[in-house]
Amino acid sequence: MAVDDPWYDATASGRGVEAAAGTSGDGRPDAVPPQRVHSAAEIYLEVQRSPAFQEVRRRYRRFVFPATLAFLLWYLAYVVAATAAPGLMARPVAGAVNVAMVAGLGQFLTTFLLTWAYARHARLRRDRAALELRWDTQEMTRGAVQL
């Protein structure tokens, strides 16, 4: 029995599996063979191999790896200075504020600046291309077979 509801997915409910497999209800092959429909996994692999996706990933890596390395080195320098040079870190800068406090506040400032820089980089260099890839992928998977 055919269901005329466009939102009804016969193969998801377990009914109509024979029709989805390319055979009629009695097991005979259909007169018109179904077109080859790619699975979602094949489509995602195709998108992953595409030059547009590789460009988005390259832009991401070119920002994230150096920024992460710089931040980790800055943090490591702070920790090493705090343990190896306590005299330097205790040196007063202004009143009760010493070098350690200024460097510690610098860690917070660096975190906020890095977050702002990442968001700006993503907005200017990657978001538009990633959104186009997303729409293209959704269009390709619209008729895909779920495996």
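Select helix 3 (residues 40-49) and helix 4 (residues 51-84) in this predicted model; helices here are DSSP runs of H or I with at least four residues, numbered from the N terminus. Their axes come within 5 Å and cross at roughly 60 degrees, the axes being lines fitted to C-alpha atoms over the stretch in contact, with angles from 0 to 180 degrees between N-to-C directions. The two helices are therefore oblique to each other (under 35 degrees is roughly parallel, over 145 roughly antiparallel, 65 to 115 roughly perpendicular, the rest oblique).

Next, show V47, Q48 and R49 of helix 3, which meet P51, F53 and Q54 of helix 4 (contact: heavy atoms within 4.5 Å). By class, the residues of this contact are 3 nonpolar, 2 polar and 1 charged.

Then go to F63 and Y118, whose ring centres are 6.0 Å apart with planes at 50 degrees, so the pair is tilted (centres within 6.5 Å; under 30 degrees stacked, over 60 edge-to-face, the rest tilted). The structure holds 1 aromatic pair. F63 sits in helix 4 and Y118 in helix 6 (residues 99-141), so the pair ties together parts 55 residues apart in sequence.

Colour by accessibility: F63 is buried at 18% relative accessible area, while Y118 is partly exposed at 34% (buried under 20%, exposed over 50%, partly exposed in between; 1.4 Å probe, protein chains only).

Finally, select R134, which lies over the face of W135 at 5.8 Å from the ring centre (CZ of Arg or NZ of Lys within 6 Å of the centre and within 35 degrees of the ring normal).

Residues are numbered from 1 along each chain as its sequence is written, and side-chain values use heavy atoms, without hydrogens or water. Local features need pLDDT of at least 70 and side-chain atom pairs 80 or more, while totals for chains, interfaces and linings use all residues.

Technical notes. Ala, Val, Leu, Ile, Met, Phe, Trp, Tyr, Cys and Pro count as nonpolar, Asp, Glu, Lys and Arg as charged, and the others, Gly among them, as polar.
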